[in-house]
Amino acid sequence: MRDFSRGIEWLSINQATTRAQWSLEQAIAGYARQDVRGIAIWRDKLAECGVKRAATALRAAGMTVTGLCRGGMFPAADQAGRQAAIDDNRRAIDEAVGVRAQCVVLVVGGLAQGSKDIAGARGQVRDGIAAILPYARAAGMPLAIEPLHPMYAADRACVNTMKQANDLCDELGEGLGIAVDVYHVWWDPELEREIRRAGKTRILAFHVCDWLVPTTDLLLDRGMMGDGIIDIPRIRGWVEDAGYDGFAEVEIFSANNWWKREPEEVVRVCAERHRSVV
Ligand code: ZN
């Protein structure tokens, strides 16, 4: 396992962590000022900036883009809705190529409006990924399914475990992998086995933050690494034993804490915790 206490060359920050404070260009500059070499980008922020301008700023800062957030959201109540999702995912792939992202992160979507059919939703997710995969392969852009904690199964992602993600990768094949986010998978009794099963080729990203006890908001109360109960080094050890040697990406949605702090402080604490508890 790599020794992160020595430095932050493997630290990436998902710009959601400072999304309330900084635009994309501000985030690139702000992270670079503290020697952070990786960033994950959100499409709404990218749209504000423009792909060309972002690519120039990223290149100037020497920044690796560890993921573009996000594609997915496949299930819909009708065919037109499903096709719209497929079209939007193709645009996400184009944008990811434009900023040289390492992958497009797929938050696959939950139940369609008015539906109670979660098996059907999972089928629509499989069909949606299958529909965009040839386009992604042709573009040379890997797709990373991010299994989300089951509390999001209704409205964000009905792929909730590494096992489900691995099964989809088995079925759909090359060009598809997984983003392992400790926040979503730390509780899973099959986690170690499924990380091993995923292996080096499938693990496309590794996201870190922490699970606070109590958690006061299902979406916007993620903790800084070290402030919660996730044994992050243990999970990183499993991921690295499987062959992963990329960035550890900090991704914190925190409406009442980290989004209210000075962004320079947020970046500084991310770097400190990366060295001490990741
Ligand atoms: Zn994540």
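Residues are numbered from 1 along each chain as its sequence is written, and side-chain values use heavy atoms, with hydrogens and water left out. Because the model is predicted, local features need pLDDT of at least 70 and side-chain atom pairs count only at pLDDT 80 or more, while totals for chains, interfaces and linings use all residues.

**The zinc site**

Let's start with the metal. Glu146 (OE), Asp181 (OD), His207 (ND1) and Glu251 (OE) coordinate the zinc ion at 2.0 to 2.2 Å. Donors here are N, O and S atoms within 2.8 Å of the metal (3.2 Å for Na, K and Ca), and water is not among the atoms, so sites may look incomplete. Along the chain the donors are spaced E-x34-D-x25-H-x43-E. Asp181 in strand β6 and Glu251 in the loop between β8 and α10 link distant parts of the chain, 70 residues apart. Asp181 and Glu251 are both buried (under 20% relative accessible area; exposed is over 50%, partly exposed in between, with a 1.4 Å probe and protein chains only).

**The strands**

Helices (H or I, at least four residues) and strands (E, at least two) are DSSP runs, numbered from the N terminus. Strand β7 (residues 203-208) is mostly covered, with 6 of its 6 residues buried.

| Strands | Sense | Bridges | Facing residues |
|---|---|---|---|
| β6 and β7 | parallel | 4 bridges | Ala179 and Ala205 |
| β7 and β8 | parallel | 3 bridges | Val208 and Val250 |

From β7, the chain makes a right-handed β-α-β unit with helix α9 (residues 232-241) and β8. Right-handed means that, with the strands pointing away from the viewer, the path from the first strand over the helix to the second runs clockwise.

**Helix α5**

How far apart are the end C-alpha atoms of α5? They are 31 Å apart, which agrees with the 32 Å that the 22 residues of α5 (residues 118-139) should span at 1.5 Å a residue. The expected span is 1.5 Å times one less than the number of residues. There's a kink to look at, too: α5 bends by about 35 degrees at Leu133, and Pro134 follows within four residues. That bend is the angle between axes fitted to the seven residues ending there and the seven starting there. Buried residues in α5 include Gly128, Ile129, Ile132 and Leu133.

Gln113 sits in the loop between β4 (104-107) and α5, and is exposed, with a relative accessible area of 76%.

Conventions: Two strands pair if DSSP finds at least two bridges between them.
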